[in-house]
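Visitor: I have a structure open and want to learn how to read it. Where do we start?

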Amino acid sequence: MEPAKLEHAAPPPAAAVASETHAAPPGRTRRFSARRIAPYGYLSPTLLLIFVLMIIPIAMVVSYSFKDNVIVEQNPVFAGLANYTTVLTDPDFLAALKNTFIFITVSTVAHLVLGMAFAMMLNTPLLGGVTKAIFRIIYILPWLFTVAVIAVIWRLMLDPSGVVNYLLTTVGGMKEGVNWLSDPATALWALTFINVWAGFPFFMISILAGLQGISADLYEAASVDGASPVQQFRNVTLPQLKPILISMAVLDIIWTSQQFALIWMTTGGGPLNVTEMLSTYTYKQAFSSYEFATASAAAVIVLLLTMVLAFFYVRLQKER
Amino acid sequence: MSGGGTGSHGLLRRLLGVVAVAAMVGATAVGCGSDDGDSSGDGTVTLEFAQWWAPELPAGSFDKLMTDFTAQNPTIKVKLLSGPYASTKQQLVSGAASRTLPDVVGLDGAWVSDFAKQGAIADLTALMAEAKYDSNQLASQIQIKGKTYMIPVVNFVYPMFVNNDLLTKAGVTTPPTTRTQFLDAAKKVSALGGNVKGWALPLDTAVPNGIQNDVMSWLWASGGSMLTQDGKPDLTGPGVKSTVEFVKSLNDAGVIAPGSLTMKEQDKVEKFTTGQVGMVIDSLAHITLIKKNNPKLNFTVTPIPAEDSYTGKRGIPYASWGIGVADSSKHKAEAFKLVQFLMSQQTNAQLSTLANGFPGNKTAEPDFSTSDPLFKTAFDIYQAGQPANEFVGLPKAEDLMRSFDEQLQLALTGKQSVDDALTKAQEAWAPLI
């Protein structure tokens, strides 16, 4: 955003600069040269940091992905696309891709639906201000916990002899508890549930802000036209929130695809790889198998997938 | 923006200011990677020592040892880089990749082969020779192709922890010494009902050391080996097969605490501490933690049960706080002085006592006078048995454990036979070893 502003503000039209340069005394020439350079000077700290902290590491990872035995060998050789072939034909990677897709899709949809539901609850005129404030604090709590705390809490609660199974067997009428995080049939869903629980408050708060920005006149007009609450939701609320919802959905897809700590601290990708995600797969390749070349190839694939999403997000922002 | 910027001087001054800020940021960024500052003009050398030991010792005790070292070697200072085990490992892997390892590094035996292959850690055999160090006093050295890369400073053994009250309640009068007795005891404890089970088996694949500590330990206890005599994998051999079949029989008998497929080591300790399992194979280092969290728990430590017909010396798994020197260190001689200090009879005994471990120096004797009597019991087990950990020094040791873990999980969940699991694990290991 800032560079665009500077471009508009700083350089005068080329013709004007040329004529002024011809007519101006030497002191003014220096002034205008300095003025042209100044924006770049202001940008240079950021550009330098971006170069050192982003461009160089990304370039290194991309270059690693085309070499064989990088890091562990003193003189790695060029391997072409071999690492990409290895990764893309690895059943574990394909399983991780599938798991990641399910994890992201379910998480994003649930975040939006729950976020919307709770935001509407907090926005309703049926509840008093104090009640809303209390619920707002309660609902936002999961978002305030760090990932480590969330992982520990849910590992304890979903333990075979934890609170959830205790309730299900005593109150819920189940005969025996479920191994939520260690049963291959339930682990991915349990993990996704934890992620949904941890992330929905952010959506709730964002959507609530959007709801509070919708003009009451629109609802009043819809009401005068005889629209039912459902019709008002479909024809007023959703269209008004659409930019927020789409932006948040795209951001959530990107964030969820990068989720690592929660998975690592709860299931570690197991049992039987059913919760293996692209992030854990890449980590294991690098820090367990010491296959930094294939880890780099996997990371580049993830980067490309994320860049597609980022492209849509940026385009969306421009349209707005 | 315009204050003071009325003339060309103001604008230039502003521009210079911006460039100065940029230069400062750049210098800061570059300075982060600077290697200066490890030796000062007066000849004092500052060694960086990365390890996970200090956080696991009583607060300040490791710093005090470093102060003692500096008192003995006034020209050498030590800067401790302390963190948890996992983050230390990540830091060292990154450091090894970028040739920026700290001068002295705490090592786990499972990392040594890979770091040595990378050329990240120095050949200690040469440093010992240069320093005229008598290596006979060392209990063990971790060697790759005849060269020492790691010296175990403190060893932590993994005996069987037994909950006396649960076993007594289940009608088991003495801790099991054979696999048959163990299965029988585990069944009786599990029959007590509630959430109580006979044994806990952590098979989490994020940190798959359960394969080393809780599975292969059964093999080593019976004098078995997962490697052939020439060091190749022998997972389809009778020893490993018998071990995995035994573990599967425990699983089939329903005596293993539920949730084992994603259970972590800390979960295992927690379950034992809270009396949810009767027996676990665990590090001696956890005795203090268990007693702190549940002072009333009545438990003891015993040797890991062996095969019924086995009468030889029992292998007992161990893990070490190992030490090595970075190959990229500019102060290898000084770094080795720190190694010598930690391996000296007095310091090594002191450190072992603090860590509740067993010394890496054969002549050092830990002081059990103020320790829990269980440490003395464990020390007797340690001396009567044979320290065994075949993963130490193997390349990609964690990867080996993980691939074995994945196949074992498939066998335990009935998705494949034990034979198939071992054949696939053998295939996964063969190219790596």
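**Domains and helix packing**

Guide: Start with chain B, whose domain assignment gives domain 1 (45–155 + 319–374) and domain 2 (160–302 + 396–429). Such bounds come from an automatic or database domain assignment. This is a predicted model: local features need pLDDT of at least 70, side-chain atom pairs count only at pLDDT 80 or more, and totals for chains, interfaces and linings use all residues. Residues are numbered from 1 along each chain as its sequence is written, while chains are lettered from A and ligands numbered from 1 in the order in which they are written.

Visitor: How many residues does each domain of chain B bring to the contact?

Guide: Two residues are in contact if their C-beta atoms, placed from the backbone, lie within 7 Å. Here, domain 1 of chain B gives eight residues and domain 2 of chain B gives eleven residues. On the domain 1 side, four are nonpolar, two polar and two charged. Ala, Val, Leu, Ile, Met, Phe, Trp, Tyr, Cys and Pro count as nonpolar; Asp, Glu, Lys and Arg as charged; the others, Gly among them, as polar. Over C-alpha atoms, the centres of the two domains of chain B are 30 Å apart.

Visitor: At what angle do α9 and α16 of chain B pack?

Guide: First, the terms. Helices (H or I, at least four residues) and strands (E, at least two) are DSSP runs, numbered from the N terminus. Axes are lines fitted to C-alpha atoms, for helices over the stretch in contact, and angles run from 0 to 180 degrees between N-to-C directions. Helix α9 (residues 238–252) and helix α16 (residues 418–429) of chain B pack at about 130 degrees, with axes 10 Å apart. α9(B) and α16(B) are therefore oblique to each other. Under 35 degrees counts as roughly parallel, over 145 as roughly antiparallel, 65 to 115 as roughly perpendicular, and the rest as oblique.

Visitor: Which residues of α9(B) and α16(B) make the contact?

Guide: V240(B), K241(B), V244(B), E245(B) and K248(B) of α9(B) meet V418(B), A421(B) and L422(B) of α16(B). By class, that is five nonpolar, no polar and three charged.

Visitor: What about α10 and α11 in chain A?

Guide: Chain A has 14 helices and two strands. The axes of α10 (residues 216–224) and α11 (residues 229–257) of chain A come within 10 Å and cross at roughly 140 degrees. α10(A) and α11(A) are therefore oblique to each other. L218(A), Y219(A) and A222(A) of α10(A) touch Q232(A), N235(A) and V236(A) of α11(A). This contact has four nonpolar, two polar and no charged residues.
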